[in-house]
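Here's a quick walk through one structure, a stop at a time. Have the sequence and the 3D view open as you read.

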Amino acid sequence: MPRTQSRTQREAAFLALATPLYAELEDWYDQHPAASFGEIEAEARRRRRELMGAGLAVLINGRDTGFQLDTPACPQCAQPMAFVGYRPWRVSGLEGETELQRAYYVCRECEGQTLFPPGSAVAVTPGSLE
Ligand SMILES: [Zn+2]
């Protein structure tokens, strides 16, 4: 099953992540009314990592998980491979931890022949699916 989302759906998913984090920042500032700009910034920076990590997952997973409507051919025997499901792929980026989802295929004919079709995320980190 493809899990792609429209841009509007992705925006809604991102806002659903951002809204509670902003509310937490408001609550934190209520509890620390004398906080300096630097302290507020430090608190915001910590939350930014969480938001960016999860937000990038929305951005990337919502566009392309490597799922293919036309089943990919086995690189060994050229028979159509079977879609098994999605596997998590954890990326530690500069902005936070992101869990990407990658479509996973197996060949029913060849023992152990598996495939994670490349998606848009592969261009960011070549070879990281191998
Ligand atoms: Zn095969």
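## Thr-65 and its surroundings

A polar atom of the Thr-65 side chain sits 3.4 Å from the backbone nitrogen of Phe-67, a polar contact (N or O atoms within 3.5 Å, one able to donate a hydrogen and the other to accept it; residues adjacent in sequence count only if both atoms are side-chain atoms). This is a predicted model, where local features need pLDDT of at least 70, side-chain atom pairs count only at pLDDT 80 or more, and totals for chains, interfaces and linings use all residues. Numbering runs from 1 along each chain as its sequence is written, and side-chain values use heavy atoms, with hydrogens and water left out.

Thr-65 belongs to the loop between α2 and β1; helices (H or I, at least four residues) and strands (E, at least two) are DSSP runs, numbered from the N terminus. With a relative accessible area of 2%, Thr-65 is buried (under 20%, 1.4 Å probe, protein chains only). Setting aside neighbours within four places in sequence, Thr-65 touches Tyr-86, Gln-101, Arg-102 and Ala-103 (heavy atoms within 4.5 Å).

## The hairpin

β1 (residues 82-93) and β2 (residues 96-106) pair antiparallel over 11 bridges; pairing takes at least two bridges by DSSP. Two residues separate the strands of this hairpin, and Gly-93 has Gly-96 as its bridge partner in β2.

Cys-74, in the loop between α2 (37-61) and β1, and Cys-107, in the loop between β2 and β3 (114-115), are 33 residues apart. Cys-74 is buried at 4% relative accessibility, and Cys-107 is buried at 7%.

Key: Buried means under 20% relative accessible area, exposed over 50%, partly exposed in between (1.4 Å probe, protein chains only).
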